[in-house]
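Here are my notes on the ligand site and the backbone. Please read them with the model open.

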Amino acid sequence: MNKGLKLAAAVLCAAVLGACGKGDGGAAAGDGAITVGFSQVGAESEWRTANTRSVKEALAAPEFNLKFSDAQQKQENQIKALRSFIAQGVDVIAFSPVVESGWETVLREAKAAGIPVVLTDRAVAVSDESLYATFIGSDFVEEGRKAARWLIEDSEGQAGPVRVVELQGTVGSAPANDRMKGFKEILGQDPRFTIVRSQSGDFTRAKGKEVMEAFLKAEGPGGIDVLFAHNDDMAIGAIQAIEAAGLKPGEDIRIVSIDGVRGAFEAMKAGKLNATIECNPLLGPQLADLVRDVHAGRPVPRRVEVEEGVFTREQAAAELPRRKY
Ligand code: AHR
């Protein structure tokens, strides 16, 4: 190839790559697929595993080209992933933010690049709402309220004081902030209840177990009546700690948690968990619809919330075979 031809080939190649960076973003040239950069929180819980599966399945359709990144529960990893999606010129960014704050700068960069952002599962706290197109997920405040309502109902006719310990989710995350808020809002109306300890177990079984061990040690024998865990995984870890302390979970200490994963239904069936508040992780199909719409420039609602129930151990055996996650 002579010098002139080589130069022409290089210019053509650069032009093609440039176009890819702006629109098709890595999808095979000319296939018209929507390239979606998805940054997931991590793999901290049974809920998260089900959520990842749902997102990957829905965005595996040939109309999408998915770039998936796992942040391992670290905000800095998510910011890096978002910047890399922007540099690659993806069509749409979707992500489930580890924590609520600290997103303004990177979201402004996405906006400046003309890439719409869809929030899934967890919200962000930003002063400029135009930094994201839409949100799909649960009402975490309402989930906290439901847990407190269940507890008040389950304590009917019981005299106080009722000593409650709380296992919080990841510090600064929307589900931890909101579930705590909703739970306190309702429980605070009944003077029998006191939250005696509240600490983060980072949404994991291992941490849930570790923090519950510390709670049991600090409060002493008979010092805890109820555990409210912000997710089922931490409750399952705490059950191990309660049993190791020679107590009966579900009897000596009543337990209510959030998610409604299969592991929680198994624990309820065994009588070790009293109730779980559903938080639906199967967001993939609705996320795919929103991605399609924002990419096409169609109007989308600011918030899309999913329907969720409350399940007690009396319902567990009948419900278990029907659970999808
Ligand atoms: O953001 C949803 C929460 O994150 C789930 O309740 C929890 O299990 C997960 O880790």
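1. Domain bounds here come from an automatic or database domain assignment. Domain 1 (31-138 + 281-306) and domain 2 (140-279) each give residues to the shell around the ligand, so the ligand lies between them.

2. This is a predicted model: local features need pLDDT of at least 70, side-chain atom pairs count only at pLDDT 80 or more, and totals for chains, interfaces and linings use all residues. Residues are numbered from 1 along each chain as its sequence is written, and side-chain values use heavy atoms, with hydrogens and water left out.

3. The residues around the ligand are E44, S45, W47, R48, D121, R122, F140, P175, R179, F203, N231 and D259 (near: a heavy atom within 4 Å). By class, the shell has six charged, four nonpolar and two polar residues. Charged means Asp, Glu, Lys and Arg; nonpolar means Ala, Val, Leu, Ile, Met, Phe, Trp, Tyr, Cys and Pro; the others, Gly among them, are polar.

4. Polar contacts are pairs of N or O atoms within 3.5 Å. In the side chain of E44, an N or O atom is 2.4 Å from a ligand oxygen. For the side chain of D121 the distance from a ligand oxygen is 2.8 Å. For the side chain of R122 it is 2.8 Å. The protein covers 100% of the 280 Å² of accessible area that the ligand has on its own (Shrake-Rupley, 1.4 Å probe).

5. Two backbone points deserve a check. G160 and P161 are joined by a cis peptide bond, with omega about -5°. Q72, a residue other than glycine, has a positive phi, near 50°. Most residues other than glycine have a negative phi, and most peptide bonds are trans.

Conventions. A polar contact is a pair of N or O atoms within 3.5 Å; within protein, one must be able to donate a hydrogen and the other to accept it, and residues adjacent in sequence count only if both atoms are side-chain atoms.
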